[in-house]
Amino acid sequence: MFIPGIIISILTFPGVIVHELAHQMFCRWFKIPVFEVCYFRFENPVGYVIHEPSKKGYQTILISIGPFIINTVLAFLIAFPAAMQFKLDDPNFLDYILIYLGISIGCHAFPSTGDAQSLWESVMKTDEHTLFTKIIVAPIVGFIYIGAIGSFFWLDFAYGFAVSLGLPYIILKFCA
Amino acid sequence: MQEIENSKSIETHQETIDLSLCTNCKSKSIEEGFPTKLCADCREYFIKYPIPKWIWLFSTIILLIMAVGVFRMPKYISAAYHLSKAEKAVDKKAYLTAQRELLLVLEKFPDNLDANANLLIASAHNHNYVLSNVAYQNIAEKEIKDNDLFKNIQNSMELLNADFPADTALYRRIKINKDSTENMMRIYDHLAYKNNIDQYIAGVYIADMLYDRKLYDEADKLLSKVLLTNQNYYPALGLLIGVKRNLKQYDEAIEICNRILAENSEDVSVIAQKSRTELKRSNDTKAAEYAAEAMNLNPDDIYAMESQALVDYYANRKTEYKKLITKIKIAEQGGDPIISNRIEQIILGKVTYR
């Protein structure tokens, strides 16, 4: 079933907001000036952050993949109590809200192709970064593009579901 | 949604103005060493680029919902943890642990389908009919979507059904003929034509009577017959351990124990049987290990206490075994004192165990 990406983004808008906020927060933590933030809008791209390029490779990488970390952690934390309720009892309205938020935030964890492009240009096309940073960045950009292709097959949604509903059980199983 | 690194757009018009001034405020000197020409104050401002109020509101709402979720969490985490532990134990065929963990889950969520389904499986393997009945009542009308779980439940139900005869007068008929091996065998052979559960049940019941009369060879033959038609029939295997032990076929007895333990690694009565078998062949160190294992799993299990008491007796630990015999007698109150009598006969020298 083909559903335009913009519709999916509108339906899962909390994830877009968290995604952009994550870029912004990583910029703030690394003291990188941010010039403009669009947390959500009804056109492509649905959100963006314009910031000064960082001179440090690791900062560039973390700003790009920041949403992957923040969205994943947040999706897991939000959905965890509800996932337990789904396993043990009849879920209530609050649980559905938590699961919706978890999945929405989780499915926007993947960095966009725009993030990949920005990462590629700032690291690979300049001489400011070391060979080591470039070696690290190349596969990351590759993975981001694979994720972008996968999102055509609902990979981003599968990821959101896995983090929100699957991961809590896996962790519990591991701890038990 | 993307992040755009931009320094050029802000820089485009500055060349005609003054290169040493901040691109943003155009009044203060720039801070050197950065791609964007900004003064310290403007840089600080852009680093802390304001987050709009609606985003704060949005975050607060999410945090509040999360807080409510987290507030309810301890109850769910503890139950889900015990359920996961129980499911893991069922996978490992450690049914005693599984049963204990599931009872903890059901204390908080008595209607939980997974917990009741797994309790039925665990209690069936532990031959705990009271618990399996409770669990069965709780899942009887419910749909089980997990195919593996459903198959496991079906197998457990078969295990339970194999413990109860369809012909309720069967035990009485055998009991009436208990002094005549021939008559008892006739009842068994008659049932053999039907090849049903009653046949195995009758076989074990008759073998048990032969065992009590110390007719171990006959009991061995009969149990072997039963096991030919149902090779994993638990009561037959359980009784065969004792038969083989009394026939001094210790290795075979241990092999049967291991066969049962492969299906339920925490079968305390079988671990206790292992201990008694090792004790009988004077392998006291091994016997002590198995008795300790059984006691560790369930210190209130009457067979575990029996094996430990015997180990203590042969190790001359008088206080310990006396304490255990008292405990066994208390556990036997309201029933036949079979176990305490069995130990006391050994201690009093009326029966030579080895």
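Predicted model: local features only at pLDDT ≥ 70, side-chain atom pairs only at ≥ 80, totals over all residues.
Residues are numbered from 1 along each chain as its sequence is written, and chains are lettered from A and ligands numbered from 1 in the order in which they are written.

I will start with chain B, whose secondary structure comes to 18 helices and one strand, where helices (H or I, at least four residues) and strands (E, at least two) are DSSP runs numbered from the N terminus. Its radius of gyration is 35 Å, well over the 20 Å that the globule rule gives for 354 residues, so chain B is more spread out than a compact globule; the radius is taken over C-alpha atoms, and the rule is 2.2 Å times the number of residues to the power 0.38. Along the principal axes, the C-alpha atoms of chain B fill a box of roughly 120 × 50 × 35 Å. Buried residues make up 36% of the 354 residues in chain B, with a residue called buried if 20 or more other C-beta atoms lie within 10 Å of its own, exposed if 12 or fewer, and partly exposed in between, the C-beta atoms being placed from the backbone.

Within chain B, the axes of helix α5 (residues 113-125) and helix α6 (residues 129-139) come within 8 Å and cross at roughly 150°, the axes being lines fitted to C-alpha atoms, for helices over the stretch in contact, with angles that run from 0 to 180 degrees between N-to-C directions. On the α5(B) side, the residues that meet α6(B) include L113(B), L120(B) and A124(B), and on the α6(B) side they include L131(B), Y136(B) and I139(B), contact here meaning C-beta atoms, placed from the backbone, within 7 Å. By class, this contact of α5(B) with α6(B) has nine nonpolar, four polar and no charged residues, where Ala, Val, Leu, Ile, Met, Phe, Trp, Tyr, Cys and Pro count as nonpolar, Asp, Glu, Lys and Arg as charged, and the others, Gly among them, as polar.

In chain A, P168(A) lies in helix α7 (residues 155-175) and is buried, because 24 other C-beta atoms lie within 10 Å. P168(A) and F80(A) are 88 residues apart in sequence, yet 5.8 Å apart in space, C-alpha to C-alpha. Not counting residues up to four places away in sequence, P168(A) touches A79(A), F80(A), A83(A) and M84(A).

Lastly, some backbone details. Most residues other than glycine have a negative phi, and most peptide bonds are trans. The bond from N44(A) to P45(A), however, is cis, with omega near -10°, and P45(A) lies in the loop between β1 (34-38) and β2 (48-51) of chain A. K26(B) has a positive phi of about 60° and is partly exposed, with 13 other C-beta atoms within 10 Å. Phi of K248(B) is near 65°, and K248(B) is exposed, with 12 other C-beta atoms within 10 Å.

Conventions
Contact = placed C-beta atoms within 7 Å.
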